[in-house]
Amino acid sequence: MNNNKVIQVEGLTKMFGDFTAVDAITFDVEKGEIFGFLGANGAGKTTAMKMLIGISKPTSGRATVAGFDVFTNTEDIKKNIGYMSQKFALYDDLTVKENITFFGGIYGLSRKKIKEKSDTLIEELGLKKVANTLVGALPLGWKQKLSFSVSLIHDPKIVFLDEPTGGVDPITRRQFWEMIYKAANQGTTVFVTTHYMDEAEYCDRVSIMVNGKIEALDTPKKLKEQFEAANMNDVFLKLARG
Amino acid sequence: MSITVSNISKSYKKVKALKDISFEVKPAELFGLIGPDGAGKTTLFRILTTLLIANEGNATVAGYEVVTDYKKIRNSVGYMPGKFSLYQDLTVEENLNFFATIFGTTIEENYDLIKDIYVQIEPFKNRRAGKLSGGMKQKLALCCALIHKPKVLFLDEPTTGVDPVSRKEFWEMLKRLQQKDITILVSTPYMDEAALCDRIALIQDGKILQIDTPEAIVKHYPKQIYNVRANNMYQLINSLNEYEHNHSVYPFGEFVHYTDSRTDFNPEDLKVYLESKNLTIVEIEKTEATIEDTFMELAK
């Protein structure tokens, strides 16, 4: 296997009864790449992502994530990736510090390491004043930034972000993307879904799923050329509307 | 006026959710409340739909006072909450029938109002609401909010988490409803949808930052914005953030929107600076402000 390809997917398919949710998708993602995974509601993004993070068994095809097989090595996959979504992020009734400690513990970090991570993280995010505040009392934008940092606590090779910025104010949304750039710059691969088409432009490459299939995959620049569109929103509308 | 809001404030324990909010919505106007989660949009909706009582101020909807005339308001308005609130184990048709009956009407009586929308979900009319896709749930919820022919329609984040295609279709539906003399108050965290409203209020942390037409809001942006692009986005953002003369630096799609703090700003100076930071293919061009630029400038 090519070491630079941290996700390799070939003909990956998922059926529910006679409904094909994900229909033989094929793509690779390289180390340190920001890969945008787009598609309309119901196109199969979430199902595809669940297979890649090892919580849903594919019907057929092949895929490796961080070098591990999605059929046989799902536990290794889970240890080597980070995950955050808009819906599940952190525990509202634990404090900022407790959440960091909890997730550090889950990923098997030593007490010393957790303490170190916790201190740098709180410092970097400017959360010192609220370190002992319940997460539930923080503004959504802060929660999402903290949640992203926590998803990186075990230095995963890949982080999966499922609509991380939904409903977040525009300034915080941009700060969030600066964190994504930073992580990618340090070699972490970022696999991200979003409904904000301006965010699609921030990705190195973008794939667009329509009815279970990947109908387009390229850099935002090339996709715009290919579909003769002014921006990614137009690309999306042209593709998803057929 | 279809809606008047005068000096409304509301607190939950320590949190001030709304701080002295005032605005008016004209008959058949499509008015947008634009702001992120936690801005106070839902609290305002709940006050106007008589589900919550404000601490201070007063408001009227369709000519009725929200506290004393709450029963009349409930008969005159349609409300689609942000969270899907129909009966998951009733079918599409049963839900619609249920809401029609509650309001003393029938599906047939106001069918013309919902027809455009209902035909899209009619093939699934025997499916339980809980088994519908997100887009279909949203359409059903809109039908249920319209079935008694309300004078005022409240839509709390109807497009959150919805893909761009379905969002576009939803806004086309709203435009058609407006033609039928329904006043619409809609909230959204998507700034690009603001341009589709007649007038908008930008709201953050319980305060209204500005109210105007989308065109006027953009026109009043105080500075010249420049689109900046270079070979490496991450380094470009970092370098611009370190630049001592910057006023604002915000990534916008393939560009960074940059404003300078000096009145005699020369883009060439910036280009020289960026090239000294080892950036190449540097492009700097003037561009127009968007609603999102204005929002960020006001929220700063």
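Reader: What makes B:Asp205 count as partly exposed?
Author: This is a predicted model. In it, B:Asp205 has 17 other C-beta atoms within 10 Å. Buried needs 20 or more, and exposed needs 12 or fewer. The count lies in between, so B:Asp205 is partly exposed.

Reader: Why is B:Ala62 called partly exposed?
Author: B:Ala62 has 18 C-beta neighbours inside 10 Å. B:Ala62 belongs to the loop between strand 4 (56-61) and strand 5 (64-65) of chain B. Phi is positive here too, near 55°.

Reader: And what makes B:Asp116 partly exposed?
Author: B:Asp116 has 14 C-beta neighbours inside 10 Å. Exposed would need 12 or fewer, so B:Asp116 counts as partly exposed. The residue lies in helix 4 (residues 111-121) of chain B.

Reader: Which residues is B:Asp116 in contact with, leaving aside its neighbours within four places in sequence?
Author: B:Met173 and B:Arg176. Contact requires C-beta atoms within 7 Å. For B:Asp116 and B:Arg176, the C-alpha atoms are separated by 9.2 Å. That value is for C-alpha atoms, whereas the contact cut-off applies to C-beta atoms. The two residues are 60 residues apart along the chain.

Reader: Why is helix 1 of chain B called largely enclosed?
Author: Helix 1 (residues 41-48) of chain B has eight residues, and six of them are buried, so the rest of the structure largely encloses it. The buried residues are B:Lys41, B:Thr43, B:Leu44, B:Phe45, B:Ile47 and B:Leu48. Each of them has 20 or more other C-beta atoms within 10 Å. After the helix comes B:Thr50, with a positive phi near 65°.

Reader: How do you know that helix 3 and helix 5 of chain B are roughly parallel?
Author: The axes of helix 3 (residues 92-102) and helix 5 (residues 134-146) of chain B cross at roughly 20°. Angles under 35 degrees count as roughly parallel. Helix 3 and helix 5 of chain B therefore qualify. Their axes come within 8 Å, and the crossing is right-handed.

Reader: Which residues make the contact?
Author: From helix 3 of chain B, B:Val92, B:Asn95, B:Leu96 and B:Phe99. From helix 5 of chain B, B:Leu140, B:Cys143 and B:Cys144. Six residues of this contact are nonpolar, one is polar and none is charged.

Reader: What makes strand 6 and strand 10 of chain B edge strands?
Author: Six strands of chain B form an open sheet in the order 6-7-8-3-9-10. Strand 6 (77-80) and strand 10 (207-212) each pair on one side only. The pairing in the sheet is mixed.

Reader: How do you know that strand 6 of chain B pairs with strand 7 of chain B?
Author: Pairing takes at least two bridges. Four bridges join strand 6 to strand 7 (residues 152-156) of chain B, and the two run parallel. B:Val77 stands opposite B:Val152 in strand 7. Helix 5 of chain B packs on the sheet and touches strand 6 and strand 7. The direction of helix 5 makes about 160° with that of strand 6.

Reader: What makes strand 1 of chain A a partner of both strand 2 and strand 4 of chain A?
Author: The cut-off is at least two bridges. Strand 1 (residues 5-16) and strand 2 (residues 19-30) of chain A have eight, antiparallel. Strand 1 and strand 4 (residues 60-65) of chain A have five, also antiparallel. A:Val9 stands opposite A:Phe27 in strand 2. A:Thr13 has A:Ser60 of strand 4 as its bridge partner. The hairpin of strand 1 and strand 2 of chain A has two residues between the strands, and A:Gly17 there takes a positive phi near 60°.

Reader: How many residues of chain B are in contact with chain A?
Author: 29 residues of chain B are in contact with 29 residues of chain A. The chain B side divides into 15 nonpolar, nine polar and five charged residues.

Conventions. Residues numbered from 1 in each chain as written. Chains lettered and ligands numbered in written order. Predicted model: local features only at pLDDT ≥ 70, side-chain atom pairs only at ≥ 80, totals over all residues. Axes fitted to C-alpha atoms, helices over the stretch in contact; angles between N-to-C directions. Parallel < 35°, antiparallel > 145°, perpendicular 65-115°, else oblique. Left-handed = near helix turned anticlockwise from the far one by under 90°. Contact = placed C-beta atoms within 7 Å. Nonpolar A, V, L, I, M, F, W, Y, C, P; charged D, E, K, R; others polar.
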